[in-house]
Amino acid sequence: MRHALSDILAEARLAARALVEFGQHAFNPTIRLGVTGLSHSGKTVFITALVHGLMQGGRFPVFEPLATGRIARTRLSPQPDDAVPRFDYEGHVRALVEERRWPESTDHISELRLVVDYQSQRGVARTLTIDIVDYPGEWLLDLPLLAKSYRQWSGESLALSAHAPRAEIAADWHRYLATLDPLGPQDEQAALRAAALFTRYLKACRDERYAMSLLPPGRFLMPGDLAGSPALTFSPLQWPQQGLQQEPQAGPPPVGSLAAMMQRRFEAYKDVVVRPFFQNHFARLDRQIILVDALAAFNAGPDAVRDLEGALAAVLECFRMGRKTWASALFRPRVDRILFAATKADHLHHASHERLEAILARMIERAAERASAAGAPIDVVALSAVRATHEARVRRGREELPCIIGVPAAGEVAGGEVFDGATEAAMFPGDLPADPNEVFGPMPTFRGLTTAAPQDADFRFLRLRPPKLEQLDGVAMLPHIRLDRALQFLIGDRMP
Ligand SMILES: Nc1nc2c(ncn2[C@@H]2O[C@H](COP(=O)(O)OP(=O)(O)OP(=O)(O)O)[C@@H](O)[C@H]2O)c(=O)[nH]1
Ligand SMILES: [Mg+2]
């Protein structure tokens with residue numbers, strides 16, 4: 001009840017804004033494109049490469065308006081939202097193209113406006129405005145918290161942490177929780193300690209050895225200016241009599257208890273962090289691409305793959321929730337296309353690209369079953385926004401092996417060799433199974449990429465240097481894999 005009135009007001013505000021935007025878009029067609037993914041999934045590189053390709057008029061054969069020469073010009077323009085940092089396109093291009101290094105990590109939302117002048121199929125001059133919004137996937141995975149009570153979330157988080165490999169990582173935190181009485185008096189020191197151990201557990205889960213994906217609340221991993229505030233100083237609690245599976249419907253905890261304190265802070269987190277994100281950003285998106293570092297999960301093995309699938313189900317749940325909650329008659333439908341993209345496909349030989357796509361598609365299918373339909377068309381692609389490798393066959397004894405060749409970044413080490421950032425190396429990325437079913441099920445036969453060829457295991461995920469620009473018909477381009485297919489799905493239909 002507490003939020004009923006504010007939710008109604010928020011909905012009215014959103015509806016009013018949607019109407020204004022709808023009117024504006026009738027004269028000036030605009031797409032708001034959300035780009036998200038967990039940290040390190042490739043968002044910054046994706047946006048930079050996409051914008052660079054569009055502005056340079058690059059080689060995008062599957063993006064029909066560009067391939068058929070209908071796009072006259074693409075330019076940057078001041079963004080509509082004054083309170084959102086601008087996506088530092090120029091800085092990132094400088095890093096990628098001039099310095100040949102990957103852009104710095106970014107942990108905030110940012111925005112960039114692109115204006116495309118093009119000719120319609122009938123030859124009429126038109127303009128499409130694309131607002132690209134880059135936001136951390138961790139924020140998206142927070143949205144399901146809005147529909148959960150503290151007790152429910154507490155029970156679910158503990159249940160999730162009870163399985164391998166999380167259980168081992170969570171051992172210290174679990175041990176500490178066992179000493180706390182949720183119904184005992186509130187205690188700031190206990191809250192601080194529990195929150196610190198909970199945060200340490202979340203951070204360890206994200207370690208590349210485990211590569212877990214489903215780790216809300218997201219701000220525990222990227223606190224920004226909320227670090228140390230009560231809204232980030234809480235943790236699930238274990239009710240002794242009920243064990244790990246807590247009863248979500250139970251009444252409110254007694255006033256002044258530790259559980260009441262945690263519950264208040266959990267609600268504060270939703271008020272300060274989650275609702276503003278939902279209202280100011282998420283509810284306004286038209287199209288969404290979700291970047292997934294599936295290779296990191298495959299590398300870590302079946303547990304990480306299962307966890308990633310859980311995260312994808314949570315993501316789909318957000319879109320369903322968004323539609324159910326906000327799509328009223330006043331609204332034009334919001335996110336009406338969702339693309340899941342497995343990034344960094346250039347780490348695999350092309351023979352595996354389709355397999356990567358098939359596995360991701362299977363993962364989404366199963367996630368969608370769990371999340372009930374998302375309500376918007378979904379597609380899946382395996383891509384590399386910037387292709388840092390080329391392919392070759394390398395002789396090993398009597399065998400010829402398909403491998404990829406790239407320049408490992410300076411300081412990367414493999415097989416006792418320290419790379420200087422200029423020397424090429426051949427890598428054997430291992431094979432993905434041809435049948436996606438080998439990745440799933442209770443006893444998956446696919447054990448992870450690292451077990452495919454142990455002698456080369458440490459070669460597999462070397463950080464590679466970005467490539468040199470390719471010269472194509474006098475245009476300097478960043479090489480890519482299937483970036484054009486992503487673009488066609490995301491905006492092709494809006495340029496008839
Ligand atoms: N080889 C290759 N590496 C990539 C590609 N895209 C991203 N990477 C690697 O992945 C890293 C992370 O990419 P970013 O674009 O910074 O990822 P992000 O999602 O913006 O990460 P945060 O800002 O930390 O959330 C880069 O530093 C590269 O090492 C790609 O297309 N090919
Ligand atoms: Mg980034």
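I count a residue as buried under 20% relative accessible area, as exposed over 50% and as partly exposed in between, with a 1.4 Å probe and protein chains only. Helices (H or I, at least four residues) and strands (E, at least two) are DSSP runs that I number from the N terminus.

**Conventions.** I am working on a predicted model, in which local features need pLDDT of at least 70, side-chain atom pairs count only at pLDDT 80 or more, and totals for chains, interfaces and linings use all residues. Residues are numbered from 1 along each chain as its sequence is written, chains are lettered from A and ligands numbered from 1 in the order in which they are written, and side-chain values use heavy atoms, with hydrogens and water left out.

**Entry 1, whole chain.** I looked up the secondary structure and found 14 helices and 14 strands in the protein chain. Of its 496 residues, 53% count as buried. I then took contacts (heavy atoms within 4.5 Å) between residues at least 6 apart in sequence, and 77% of these join residues at least 24 apart. Accessible areas come from the Shrake-Rupley method with a 1.4 Å probe, and for residues only the protein chains shown count as cover. The accessible surface of the protein chain comes to about 22,000 Å², and carbon and sulfur atoms hold 54% of that.

Is helix α14 enclosed or open? I find 7 of the 9 residues of α14 (residues 483-491) buried, so this helix is largely enclosed by the rest of the structure. The buried ones are Leu483, Asp484, Ala486, Leu487, Phe489, Leu490 and Ile491. They pack against β1 (30-37), α2, β4 (125-136), β5 (287-292), β6 (337-342) and β7 (378-382). I also checked Arg482, which sits in the loop between β14 (475-477) and α14. Arg482 is not a glycine, yet its phi is positive, near 60 degrees.

I list a residue as near the ligand if one of its heavy atoms lies within 4 Å of it. Of the 18 residues around ligand 1, Lys43, Thr44, Val45, Ser105 and Thr106 come nearest. I sorted the shell by type: Ala, Val, Leu, Ile, Met, Phe, Trp, Tyr, Cys and Pro count as nonpolar, Asp, Glu, Lys and Arg as charged, and the others, Gly among them, as polar. The shell then divides into 6 nonpolar, 9 polar and 3 charged residues.

Next I looked for polar contacts, here pairs of N or O atoms within 3.5 Å. A polar side-chain atom of Lys43 is 2.8 Å from an oxygen atom of ligand 1. For Thr44, a side-chain N or O atom lies 2.8 Å from an oxygen atom of ligand 1. For His347, a side-chain N or O atom is 3.5 Å from a nitrogen atom of ligand 1. On its own, ligand 1 has 650 Å² of accessible area, and the protein covers 94% of this.

Which residues coordinate the magnesium ion (ligand 2)? I find Thr44 (OG1) and Thr106 (OG1), at 2.0 to 2.1 Å. Thr44 lies in helix α2 (residues 43-56) and Thr106 in the loop between α4 (89-98) and β3 (110-119), so the pair ties together parts that are 62 residues apart in sequence. Donors are N, O and S atoms within 2.8 Å of the metal (3.2 Å for Na, K and Ca), and water is not among the atoms, so sites may look incomplete. Thr44 is buried, with a relative accessible area of 9%, and Thr106 counts as partly exposed at 32%.

I placed Ser161 in the loop between α6 (150-160) and α7 (166-169). Its relative accessible area is 0%, so Ser161 is buried. Not counting residues up to four places away in sequence, Ser161 touches Arg166, Ala167, Ala170, Trp173, His174 and Tyr201.

I placed Val273 in helix α10 (residues 258-280). Val273 is also buried, at 4% relative accessible area. Leaving aside neighbours within four places in sequence, Val273 is in contact with Asp142, Arg219, Leu226 and Ala268. From Val273 to Leu232 I read 41 residues in sequence and 9.9 Å in space, C-alpha to C-alpha.

The peptide bond from Ala164 to Pro165 is cis, with omega near -5 degrees. Pro165 is in the loop between α6 and α7. Pro216 and Pro217 are also joined by a cis peptide bond, with omega about 5 degrees. Pro217 lies in the loop between α9 (188-206) and α10. Arg100, not a glycine, has a positive phi of about 50 degrees. I find Arg100 in the loop between α4 and β3, and at 18% relative accessibility Arg100 counts as buried.

Technical notes
A polar contact is a pair of N or O atoms within 3.5 Å; within protein, one must be able to donate a hydrogen and the other to accept it, and residues adjacent in sequence count only if both atoms are side-chain atoms.
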